[in-house]
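Let's take a friendly walk through this model, one region at a time. Please have the sequence and the 3D view open as you read.

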Amino acid sequence: MKKSLTNRVAVIWSILVSILLIAPILIVIPLSFAPNRSFQFPPSGFSLQWYVNIFTNRAWYSSLTESLTIAALVAIVSTIVGTLAAIALRWVPRGSALVRGVLLSPMVMPGIITAVAMYSLFLQWRLNNTLTGFVIGHSVLAIPFVIIAVEANLHSYDRNHNRAAATLGSAPISTFFRITLPQILPGVLSGAGFAFITSFDEVVLAIFIQGPNVKTLPVQMWNSVRQETDPTMSAVASLMVIIATVIILLVSVSRTKKLSRREA
Amino acid sequence: MSETRAVSGAKIELSGLTKRYPQSDHAAVDDVDLLIEPGEFISFLGPSGSGKTTTLNMIAGLEQPSAGEVRFDDIDVSHRPAYKRNIGMVFQNYALFPHLTVGSNVAFPLKRRGVRGPDLKEKVKNALALVGLEGFGDRKPDQLSGGQRQRVALARALVYEPSILLMDEPLGALDKNLRGQLQGEIRSLHQRLGVTVIFVTHDQGEALSMSDRIAIFNAGKVHQLGTGDELYRRPKDLFVTNFLGGANVIPIDRAGALLQAAGVSPTSDSAYAMVRPENVAVGQPTSQSEQVVMPAVVSDFINLGDFFEVTVDVDGLGSVHSKMLAEHPVPFAVGERTSISIPKDGVLLVRP
């Protein structure tokens, strides 16, 4: 009896926490369908005009495509660098603790400090207000997530497979693509997903290094909130929630698929 | 891999082969010279840490020697990477690729060699048939038992007809019955294919039953190389003596009477007299003249059913172990005064 009571309390508590976490999303999504220019909740009608606006308003549309481009490039760059780094950290023990600490430091460093430091460095390198600058800056922030995701898979990877492949006539590069990569692929893919999201919703560094040429979606949202009350903001926010959710779902589906195949 | 064509094995020559690790004072492999004949089945036998696996890895190209040479058929391959040596290798933990099917595992080395199409299929099929796994091609390794996995590993290592097959404790993870069965299968594969086999093991029974010759490793050196029979009957030193089978080892200064009676004269480098337990017979001596007979007192007796293990005290020699075929009724009791007899050619001299 007592156990079922604590169970019930736990269930209620979990529901409360979930509501707290989802509440902002539950508010922002209805707002995005509002028929008028006010952030009134609940909205007084239904309209898709703010979604249409994302694609017709130049400022919104260009920042959306820029954000998607940058996030895709960051996903590619940081997945390659992060995967190779994770492999090196695991297989080359010398100095790996130190190098790992350096590579993961952007994760523990307060975002504003990284942003200021990168801003002043990019001033010298003339990388502020450039696509390259965004890709480099966001990759630095995203690489730790890739490393951690890949490390989890490398942990259970048997390095004897590399030795076996070598005796079977496989050159190291071929072994990497045919033997190692397929086995750590779930980690690599979730690393790529996290890297994409990290870049896609990054705002602190973006505010520092943005300019007239490159302005990502979160920067545009920030400007929009400060300068005007444009409900397109809530449509964009809903869109971002959907993109992030889809990516996280893809990541977890690829993981469970792998698991169920193992159990079969 | 057709039944009619025997693959001819390669000659393997190690000269001055040495491996040192930076952190260690002792060489893991210390100046090993070894000549392995084409088509030979040789075992590297020794305790763990004796350097046998490191030597095997240097032959495979998985480790770089610090000094010395590895030659296959008189060609120096010391600096050739493993993937260019065209050897087959089987590991203790199978090392099958878990994301590939059994068929793809076996096809892997063929594809690296550019084999494609129907030829590929045919060879994979034949290799799986060779190890008795026809029809297993579509399974994943984790759907197989340990014995089946090691058979797949064997098929994968043989499918491209290498002239050298290296096996690193391949049966160490299997239970006893399966081990015996696979020992026979490996032996008959070797005879059919003619491939040169190096088989690393720490199990002396396995080495004795499978090999043409055995190299006994200890502390990075080959102590002795020979047939199982030679090693058992003529062990050169104390390590080999103790590693293969049981032995009564008596320091030379206490063995004077025994050696004199057996007509054996020690040389300057002999440190021990040695008698195998099965050469010691307890009880009243038979009338054969080529025997050393000494008085003894039975101090311990174990009946193993088909064998007796008897321990006796012998004046001057101390405790001596005997292993003899069982006789019924048991012809002696603990504490009984009796005698032991040892054939004269059963008394050997051993170096330190």
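Strand 11 and strand 12 (residues 272–275) of chain B run antiparallel and are joined by four bridges. Strands here are DSSP E runs of at least two residues and helices are H or I runs of at least four, both numbered from the N terminus. Within this pairing, B:V249 has B:M274 of strand 12 as its bridge partner.

These strands belong to an open sheet of three strands, ordered 11-12-18 in chain B, with antiparallel pairing; two strands pair if DSSP finds at least two bridges between them. Strand 11 (248–251) and strand 18 (348–350) of chain B are the edge strands, each pairing on one side only. From one strand to the next, the twist averages 35 degrees (axes are lines fitted to C-alpha atoms, and angles between N-to-C directions run from 0 to 180 degrees).

## Helix 7 of chain A

Now over to chain A, where helix 7 spans residues 160–167 and has A:R163, A:A164, A:A165, A:A166 and A:T167 buried (20 or more other C-beta atoms, placed from the backbone, within 10 Å of the residue's own). These buried residues pack against helix 8 (172–200) of chain A, and also against helix 1 (52–60) and strand 6 (88–90) of chain B. Just after helix 7, A:G169 takes a positive phi of about 100 degrees.

## About the model

This is a predicted model: local features need pLDDT of at least 70, side-chain atom pairs count only at pLDDT 80 or more, and totals for chains, interfaces and linings use all residues. Residues are numbered from 1 along each chain as its sequence is written, while chains are lettered from A and ligands numbered from 1 in the order in which they are written.

Technical notes: A residue is buried if 20 or more other C-beta atoms lie within 10 Å of its own, exposed if 12 or fewer, and partly exposed in between; C-beta atoms are placed from the backbone. Two residues are in contact if their C-beta atoms, placed from the backbone, lie within 7 Å.
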